[in-house]
Amino acid sequence: MKKIRWGIIAGVCLVFVFYLTVGIVAGWMILDRIEAETTGHASLFQEGWQIALFVADVVFAAAMIGSAAMAIRNKVLAARGKVCAEVAK
Amino acid sequence: MKILKALRPVLGILALFFAILLVILFVGEKYVEENEGNLNYALGINPYEQITDSDGSVDTEYFKSDFYKDDGSYDDVAMRNHSMEVSREANGEGMVLLWNENDALPLAEGSKLSFFGVSSQSANWLYTGAGSGKVTVTTSDFLNLKDTFEVEGKYTVNSRLYSWYGNVAANAILSGLSHANADGSNYTKDPHYREFRVGEKAWADLNSAVGSTFASYGDAAVFFISRNGNEDGDTWFDTSVNTNSGHIENNYLDLTQNEVDTLTALTQLKKDGVFKKVVLVLNTGTPMAMKNIKTYDIDACLWAGMGGNASFGAIYDVLSGAVNPSGKLVDTYVYDSDSAPSTVNTGAFEFYGDTDGLPADERSNNSYNHAYIVYQEGIYVGYRYYETRYEDTVMGSGNANSSAGAKCSQNGWSYADEVCYPFGYGESYTSFAYSDFNVRAEGDVYDVTVTVTNTGDVAGKTPVQVYLQKPYTEYDRQTGIEKASAELVGFTKTKLLGPGESQTCTVQVDAESFKTYDSYGKKTYILEKGDYYLAVGTDVHDALNNILAAKGYSAEDGMVDSLGSPADGDKSFARRITVSRDDFEKYSVSSATNYPVTNRFDDADIKYYEGLDNLDITYLSRSDWQGTYPETFYKMTLDSDKFIADMQYATGIEADPEAEMPLYGTVTSEFGRLSLIQLKDLGYDAPMWDDLLNQLTWYDTVHLCGVGSHEITGIAYDEATNPTGINSPHVVAHDGPAGVKNSKPEDVNSYMAFPNGVLLASTWNEELVEKVYDAFGMEMLHAGVGEIYGTCAGIHRSVYGGRNWESFSEDGYMSGRILCAEVKGIQGRGGIVNIKHFVLNDQEIYRCGTATWANEQSIREIYLKAYEDAVVEAEANGVMSSLNRIGTTWAGRHYGLLTEVLRGEWGFEGLVETDAANRYSYAGRGDARAEAVIAGNDLWLAGTDEESLLWGDYTDDPTVAQALRESAHRILYVVLHSSAMNGIDSSTRIVYIQPWYYDTLHKAQTAAIIVTAVVAAAFVLSLVLPAVFGRKGKSSESSVQ
């Protein structure tokens, strides 16, 4: 079976998390600025697209954390395997 | 090679990162282009530069300030001092003393005072209401309330008490807004709806902390109470969802429990001898319900309005007696806010039954297509209702004594039980006597004269109020005309009269005031035969009593005075004028333009509109109060295909067969290429305008009309890109009306909030209001602002209107007089106004798209009156179309309103601009814009560069193209006669300088391209090289073998 590159997946997810977070914050700031014209305040979940961005952000963040964990786990296992192999030698 | 291979994942991720960044930067540029106006507004950028080659010998400062430094630059500090000075004067003259038992006010010099209420703190006082019209003041620009009272050494204020409020009230939610659902989620009906809270502190906490100090500062307890109002936030609670927030009576305009506790404690402390008197100061823009307030033993009450930066100084002036209050109410103060018939149909109403076929309810795009509001009360708004019903109770007519609409009456309906203070009421530190009332006809004007004598001990002013009563005839009953028993038709204010001093005042009443709109009979203004009465009084009720006395009625018939005690009127202050014959012709054409006056709003009257054939409506009528008083709100169902079709955002353009495509980008003048300034001395219809308009390109035209988010876009001349450019300057536009929002004079570095509309109207002093708005105009000049989105002239249809604080009154005549004064003040300094919101935009919930229904008489006599006066008399140069629908048609797309009435009947030569038009809403879409520009809307308060929104689908449509050309004409004509032309002469070139952020963006794009390319190349190499060298290595290994 082909080895899954968890580190790369985590990195790609990190990129998306970064842009999605920036998008959420920037979108909220723009909406808040518009609302401020009538002395209102925008919420982070005011519009459908804000919710969609947030959900995507959460999904990518979870994927990133999971992938990173898998990558670290594999590294640890690999390191242990190496040690075991050396010990076995 | 190993390193390259190891870096491959990192390079791949970086390549992805920068590739996305690159896409964002390029897509972002499109967004920036579309929103350049908004960005410039936010960043304070004017992208147009004026380059003038002349030697400066010609004075090109067409509109001047009164304040300059020696070097010729504006003296901002002196200008601001002037603004503060006139504001303080207007504040003092507008505040209304509601009651003053045993001369509790003015406060004796040397008094030791205790200030109560979170509103006593600078951070919580409402200098203005809320919304786009709000100006956030810099509180360090003026002394706080305590220091204001102590600075002259006349009073000492309880500092521990004041500090306690300062410490605990820092986070008080005095006027906090929140969406209404109890769980904190958005209100599902209208996400813009907001509810108000009052953060008054609990008496128990206050008393335990600083109660021991009261006795030492017991000369007077002064309690400050505030109530806000907000764009998008009516002061009405949706009782189906609101969380009450401690308000007794479930009414924001009544007291909260903490306020009740405070008043209870203060009046008890007075009984106990701790305080000598209790004074209440109301910081509100709309009348509070008096039902509970009046149950407390409060010695004096001052309505202080929302006075902007000068609030505290003026409160000091009035409470100390330096200024004798002469303000009079411009709204009726009642015990129960819901006793007005309009409140039955105030709120959030959605069509009943099947709504299939309506445009989707795009609430996030500000398109509420399922909402409606019905003005079932007709003309009976404010005092027109209370006073007319009162007269009918006295005369025993119209079932006026029935219980319909009664809220506080013991038996049936009683004026004394419902009305606390009538329109025009206000007390003074002195007293006045009236004498020598006379009315003399002079052509089409009646000169009403009366002598006013100050019979008290201190100097004071008072307004002279003149009211008209028209006859309620049999014809009226048959045709559905309504007549109020009293209408304000004129006023003036005395000079400051010393004790014993008299002044004879003359008020001119236009005979045209006698006309009435006949919606269902002659469908025009008519003059009916019958007995008319002109009367003066200290308020509307007093004047009506004088009329009733002239008609032979007395206290025995149930007459009561303005405070509810049995009273006779004085017939010597009323004059009967008999019109001997009906005249249905005289006013059927406009006296301003000779344009025919006829029904223009049949599509907004449920009785007339063909799409509602199966519905009928009973408007409130004095012929039968019991039978016509709305028992509940009007339930409206959609019952025809026509209705559904008319509710669509666009319904199709009727092509003008004579319209031809205009010339674009062509120099046709015999003088060669023209610049806008060259037409300065020419009239609107001068032929040279055609030449100038021929020079406009399509791009110029649609951007001038379609992109106006806090600007009127300039039209530059550039030999290469716009060789026929007309050098029209960019106009900076800002929100109003409380002050010049978001743009301040350089050396002052703070904003000036002027007294709010209601407070100014309460001065009953047009000259003073014009002085205030002249100062406003200078603030605009100094700040470089050419256009203001104000002022606001909406009628206070009910006390719950969120923007009541911005506008003036429940009365159209009063609103018109004050609006005229403001328009003259601003335009005198070269400002462009946007009198708003035109029209029938009198509540905030669902304001974006709600279908508004009213009959023609009430539309014209109540809601259009102020605008008509401002256009006909003050020649207002700008109108803002409102966001609601008139009937089914968006106001900005209503031909009857914007072309037939505004331009045809009134002769308007200015520009009509939308309210903030969401680009995808019924007000912003391309098809709606095409129909709206034909209807007479010229300019869009919106930012867009989308071709389809800028009439891109109509480039070959001569009807739309000609309408756009005419709108461009109107906009340019207004700009030409504004302060935006200051500094421009015939040598001036207007040059567009691309804002700095484009350069930044382009540099970022370049950098992103390079970095992306490098990283991508490295990534590719990391893929390719190891493979190539790997193969080579393998092959050499093989060859060695």
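**Notebook: Asp32(A), then chain B**

I began with Asp32(A), which is partly exposed because 15 other C-beta atoms lie within 10 Å. My scale here: buried takes 20 or more other C-beta atoms within 10 Å of the residue's own, exposed takes 12 or fewer, partly exposed is in between, and C-beta atoms are placed from the backbone.

A reminder to myself: this is a predicted model, where local features need pLDDT of at least 70, side-chain atom pairs count only at pLDDT 80 or more, and totals for chains, interfaces and linings use all residues. Residues are numbered from 1 along each chain as its sequence is written, while chains are lettered from A and ligands numbered from 1 in the order in which they are written.

**Asp32(A), continued**

I placed Asp32(A) in helix 1 (residues 6–36) of chain A. Helices (H or I, at least four residues) and strands (E, at least two) are DSSP runs, numbered from the N terminus. Leaving aside neighbours within four places in sequence, I found Asp32(A) in contact with His41(A) and Ala42(A); contact asks for C-beta atoms, placed from the backbone, within 7 Å. I also checked Ala78(A): it is 46 residues from Asp32(A) in sequence and 49 Å away in space, C-alpha to C-alpha.

**Chain B as a whole**

I counted 25 helices and 32 strands in chain B. Its C-alpha trace spans about 130 × 75 × 70 Å along the principal axes. Among contacts between residues at least 6 apart in sequence, 79% join residues at least 24 apart.

**Helix 2 of chain B**

Which residues of helix 2 (residues 36–43) of chain B are buried? I noted Glu36(B), Gly37(B), Asn38(B), Asn40(B) and Tyr41(B). They pack against helix 1 (2–34) and strand 23 (711–712) of chain B. After helix 2 of chain B comes Gly44(B), with a positive phi near 70 degrees.

**Helices 18 and 19 of chain B**

I looked up how helix 18 (residues 766–783) and helix 19 (residues 812–828) of chain B meet: their axes come within 7 Å and cross at roughly 35 degrees. Axes are lines fitted to C-alpha atoms, for helices over the stretch in contact, and angles run from 0 to 180 degrees between N-to-C directions. Among the residues making this contact are Tyr773(B) and Phe776(B) of helix 18 and Ile818(B) and Ala821(B) of helix 19.

Notes
Two residues are in contact if their C-beta atoms, placed from the backbone, lie within 7 Å.
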